[in-house]
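This report covers chain contacts first.

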Amino acid sequence: MPQDLAFWLPVVIAVPLMAAVLAFLLPRAAFPISLGAALITSGLVCWAALAAVNAGPATHTVGGWSAPLGIDLVLDGLSGLLLVLTAIIGLAITVYAHGYFQPGDDLVKQHQYNFFWPLWMFLWASLNALFLSADVFNLYVTLELLGFSAVALTALAGKPTVLKAAMRYLMVSLSGSLFYLMGVVFLYAQFGTLDIRLLSAASAETPTLLASAALITTGLIMKSALFPLHFWLPPAHANAAAPVSALLSALVVKGSLYIVLRLWLEVFYPLADTVAPQVLSVLGVGAVLWGSLQAMQQPRLKLLIAYSTVAQLGYMFLLMPILLKNRDDSTALAATMSFVFAHAVAKAAAFLSAGSILHALKDDRLTALSGLMKKMPVTTAAFAMAGISLIALPPSAGFLAKYQMLQSALTNGYWGLVFVVIGGGLLAAVYIMRVLGPAFKKVEPYGAESTSKAVHVPLVMSIPTLALALLAIVISFMGVYLLELLAVGTPWVLKGGL
Amino acid sequence: MNLILTVDVILVVIMLVTAWLALTARDLQRAVILFIALGLLVSLAWVRLQAPDVAMAEAAVGAGLTGALLISTLNSMRELQKKKTSEVTPPADASPTPQEANHA
Amino acid sequence: MTWENSLPLLIVLTSLVPGVVIFFLKESTVGVRTTLNMFGAVAKLVLIAVMINGLLNETTYETRLPFLPGIDFVLRADTLSILFCILSAVLWLVTTIYAIGYLEHSPNRSRFFGFFSLCVSSTMGIALAGNLMTFLIFYELLTICTYPLVVHKGDEKALRGGRTYLIYTLVGGGALLLAVIWMYAIAGPIEFRDGGAIDAIVEGARGPLTVIYFLFIAAFGVKSAIVPLHGWLPRAMVAPAPVSALLHAVAVVKAGAFGIVRVTYDLFGIDVANDLGVLTPLMIATSLTIIVGSVLAIFQDDIKKRLAYSTVSQVSYIALGVALFGPLGSIGGIMHLVHQGVMKITLFFGAGSFDETLGVTKISQMDGIGRRMPLTMAAFTVGALGMIGVPPTAGFITKWFLGTGAIEANSHWVIGVLILSSLLNAGYFLPILYRAWFKPQKGDWPSEHDFGGRFETFWMLLLPPVVTGVFSILLGLFANLPVGLLYWVRLIVLREYEL
Amino acid sequence: MPDFYDDDARLTRPRIVALALSAALVALLSLIILTAPGDLERLNLVARERLTESGVANPVTAVLLNFRGYDTLLEVAVLLLAVIGIWSMARYARVWIKVPDTPVLAAFVRLVLPLMVLVSGYLLWLGADAPGGAFQGGAVLGGMGILWIAAAVWLPDFQFQRFARVMLVLGLIAFVGASTLLLALEGSFMEYPAGEAKNWILVIESAAMISIGMTLMMLFVGGIPRLNEGTV
Amino acid sequence: MNDSAALYAVAGVILFGMGIYALVAYPHLLRKILGMNVMGIGVFAVFVALAYRGPDQPPDPVPHALVITGIVVAVCATGLGLTLATRLKALTGVAQLTPDQED
């Protein structure tokens, strides 16, 4: 077998894809199949990332037809980082979901359990395919795969509220994709190619490029739920089953975000001087403020976390003007990607904790959570660590990211953003403390109803949760390695490419 | 040349009018039928644009299958509506059939 | 990793690791928990002793890990950090003993001691931090770890107090974050250095540097409770007594004060700070705090609240010493870092023991307490006299150096502040002493608790205040010994002033 | 309240705003698309130039199954995913069809079905050289299934879903399996050996066509093939 | 672009706009799904128009292939959407996205 890195790129997609097929075909063996695929994929991705750090970016020409005719898969720092992120969170969620969906003898739950695995493997495959793709139309197909599996996973919980949320999600996802596709058509009209590297090499500031950028960005920020197009996200993320919520918040929204970053850094870069980056940044500010304020008012834990996602997504767009001012200066990109990484890990941990709480207490209203520290210490600790990262207190992944964001904003003279980032952290502290404050409340030792309801959280659920939460802290000491990976051949145009 | 363009214009106008009617018709059944008609018109347009593969796909999948899906959905919704007016309970979802029990 | 490279990290880990392990222990495993705590505390002291020895022989102890490009995670031992380390380590040991006694049979002890250890680890990290980033990390970690301690009782009042505490400290943390990043942005990846990391003020940087300095002071001012940022401190008094003791003497308040010292001497450098003209405003703010804190203390009947306002006043002596430009004032300020810690912890231990043994929480209940608990009260008295500055206690030394420092710095009005403050201190401490020793007991104690044994209270509640009380006197009496505190502080000050 | 007969067709203010915005978007995009220079020849020419290497004569099939076969692989995955998604949402079939009163339709369907199987196979074969291919053939197969159900000649029951599962995954398994095999053999995912492209394509397409047909049929069934009692 | 291609491209853009309008302006889910399909047809129309080079030259096959892919995606999306809509109708009695009540 060749040791060549490029050789293995399609395998990263094929493994979860085949797992999805097999999990569908053999429902009884779905979990072992998925777990095996998860282990193989994670291992492969991590190895690939390490190899890329040592050997540089890798390109696989699918079918032997290189671009422009064929489709290339490209692994570089930006995609590598997201692949690794997906692998880490994917592995944790695979284990967690086995506990969460444990059917017992309930047939409805059995149905959910059976269908979770193929859908989740499809989702994973589509994320990997998305991150690796270097072709704008191929990206459309992966976006649809991602959207369909995400919608189906959302709907898995089956209640009317969640079906409505899934329906809304489907509409947004589909119309977003169509906007994206229209943008792709415009790109093809102008440049006659679909390969990102060829497009960026040919790219020039024309009305068509502008229209394409507007269409594509609109479509993608719909899917990424950037304020004010976030309306669909909180009901979907809050009402889905907890492992699904974690997937949606941590990974799925990052798929479209990744394309935004990639395209703006490569293809739309000639438009960096227009007002567009500023607009995205302002929307980001709106998201941070609005999402945080909403999170402060939610009665339920999962809704709170979902609105926190709305807020945190804002940060990922804040630095767009700096990011695009000069793409050689990678500090803003590093800050944004660190934030993506930090948010994904912390948010997954938060949703998984919320899932454990729901599982144990059958209730996630904030009023039911007093004394949680005593009832579910491990879960509370996990949530607290995730919360620390969301607030961005040191030492945490969130801090690492926000520190870089602040540094980038400050050295570039964006004082407004400095205050938004710091203020946003304080707002996050307020809503996180709505959960953690009452958690330390003394619970009556005997007889109180709230105490007697607490049940044991199985280890398959608490271990992945805690692992992710710890990771949210530990990452703060791994910043250098993350950035080393990110620096691999990004952006393509500048460092090699075709 | 002019003749072709004239045909094109007529085709496009019919297409657009059909689309508008399909999207705004008060009766959804009518809307669906108009949509199917739109699909067929579009595939006609694509034959005209020398895209026979696309035209076939559009006629079979875009108009035919999508249309069948839409009509059958409309029918099931009608049935559900009737059921709703006659009895209040939604269709049994929680009670599994014996077959399913065996499968699980 | 060599020994020199890992020692600073080990000092942090000696409390961090036991802390983390303790979280996973069952409530009932008192023995293991106590052993772990004690082992950690003693190991830490031994390591610090090794380090002192090494420092005297000019060895460099530095742990350096990559954090972000250009910024490392640095723990480094220098004379100033050692001072804070040894204070924290000794008082941690004492407080742990006290806490074990104090919390016997109360719930959630594993959690308590876990966070307690994490708290001390953060303090160690703050002490040893070699640059702003490392300092910031541990400073915020301290905020996080103290919160569960503040709300330990878990009732409404405790939660409210905790909330207030968090609001103040997080906003302060935001200011600190901004200051740190701004500093890095204009000065590059600088690290703490004796005499200051900034050699000279570049043209145009004067304005930003001044703003940054005040941001630092505001941030540290929250934790060190400089008026008007002191609001959280009295409200955080809901915490159990050992926590208050630790908060006031070692961890939170002291971390703020230490931050001011560190930033002024080792980041800006005292000359640069003086050049910026930021010392006078600091002097005014601290003087104001000293007076206001004392005045507010007089009106408190709750013992712990009075002590809390006393802390507000006393901690500002440290910053005042910093603000007095000149070696003598600096010596006074830095010495008070230690003195205030030892004396204040004695007072809190005393207050806690009164509460735990007799249910006495108010000053009006203290009549005749000296006869019931003579040893505890004696320690309390030493602490109180020290706060007033009566010779030969440690407090006298501080005030002496501050006074001479004020003359040296030509800020004669500060002497007035010192005198006024001493009078006020006397005004709120002497009545307590009078009641305790000279007034007869009024009826029964509110809720007397019989611990059995030969002593006036449980020995674990008695030993710590007595020990720290004795320290308070010893520090005063033997200040000038060759390896005494004064010697060490002189060493620090000589380096800071590059004399 | 009459839920599916009509929407309120009045032009309310929000609708006027929506209409105006859409119109503005249309105007803008139209203007821009008309200015697009169309440097389109590049890819077009490349595709035609290398058509001979692709193993098929129909350029669209060449693009679909060879040059951009990876797109189509994901496409087949989308189809499977859609069915899995529908099955996960609806534990019962949606079809609400009344058995027709006259047997004429049923008889007609019985007559037409074999013809349709033939047509779909022919379309597939044709696709290599002329318009047609797996999607078109699959659509005919799917249409057959739908007719079958719609005419109530046969209704899918629970046993059928086991068979359906196998048919559904056939295309994707063939696609991914062949591509991976080719990766091992040729060192590149889905790289057909020189000169043998047509055979590989035909095998993959046949499997894909069956799956496409079954998928389209299952989209119509709208749930796990298991009928709600009393719905037919 | 030749005249016919331009004509169909503009028609495609108009269809796209109509679809958006129907999607946002009408509450019934079936209508919204119709709207999305029309949007899709619009995009495809622009794409196919771009591929057309007049009667004398062979068209660009790449957009054709991509549009076929797009059509299949669209029918899948329609299938999913219709299933969801039917489920909603069955559970809530209306095939519209009514505001949530706290359950």
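No contact joins chain C and chain E, and their closest C-alpha atoms lie 29 Å apart. Here two residues are in contact if their C-beta atoms, placed from the backbone, lie within 7 Å. The model is predicted: local features need pLDDT of at least 70, side-chain atom pairs count only at pLDDT 80 or more, and totals for chains, interfaces and linings use all residues. Residues are numbered from 1 along each chain as its sequence is written, while chains are lettered from A and ligands numbered from 1 in the order in which they are written.

| Chains | Nearest C-alpha atoms |
|---|---|
| Chain C and chain D | 38 Å |
| Chain C and chain E | 29 Å |

Which chains share the most contacts, of the 7 pairs in contact? Chains A and D do. In that interface, 46 residues of chain A meet 46 residues of chain D. Several elements of chain A each supply at least two residues to the side that touches chain D, including helix 1 (5-25), strand 1 (58-61) and helix 6 (160-191). Helices (H or I, at least four residues) and strands (E, at least two) are DSSP runs, numbered from the N terminus. Helix 5 of chain A gives the largest share, 11 residues. By type, this side of chain A has 32 nonpolar, 13 polar and 1 charged residues. Ala, Val, Leu, Ile, Met, Phe, Trp, Tyr, Cys and Pro count as nonpolar, Asp, Glu, Lys and Arg as charged, and the others, Gly among them, as polar.

Now chain C. Its secondary structure comes to 20 helices and 2 strands. The radius of gyration of chain C, taken over C-alpha atoms, is 21 Å, close to the 23 Å that the globule rule gives for 499 residues, so chain C is as compact as a globular protein of that length. That rule is 2.2 Å times the number of residues to the power 0.38. The C-alpha atoms of chain C fill a box of roughly 70 × 50 × 45 Å along the principal axes.

Within chain C, helix 12 (residues 279-298) packs on helix 18 (residues 413-438) at about 20°, with axes 9 Å apart. Axes are lines fitted to C-alpha atoms over the stretch in contact, and angles run from 0 to 180 degrees between N-to-C directions. Helix 12 of chain C is therefore roughly parallel to helix 18 of chain C, the term for angles under 35 degrees. The contact residues of this pair divide into 11 nonpolar, 5 polar and no charged.

How values were computed: Angles under 35 degrees count as roughly parallel, over 145 as roughly antiparallel, 65 to 115 as roughly perpendicular and the rest as oblique.
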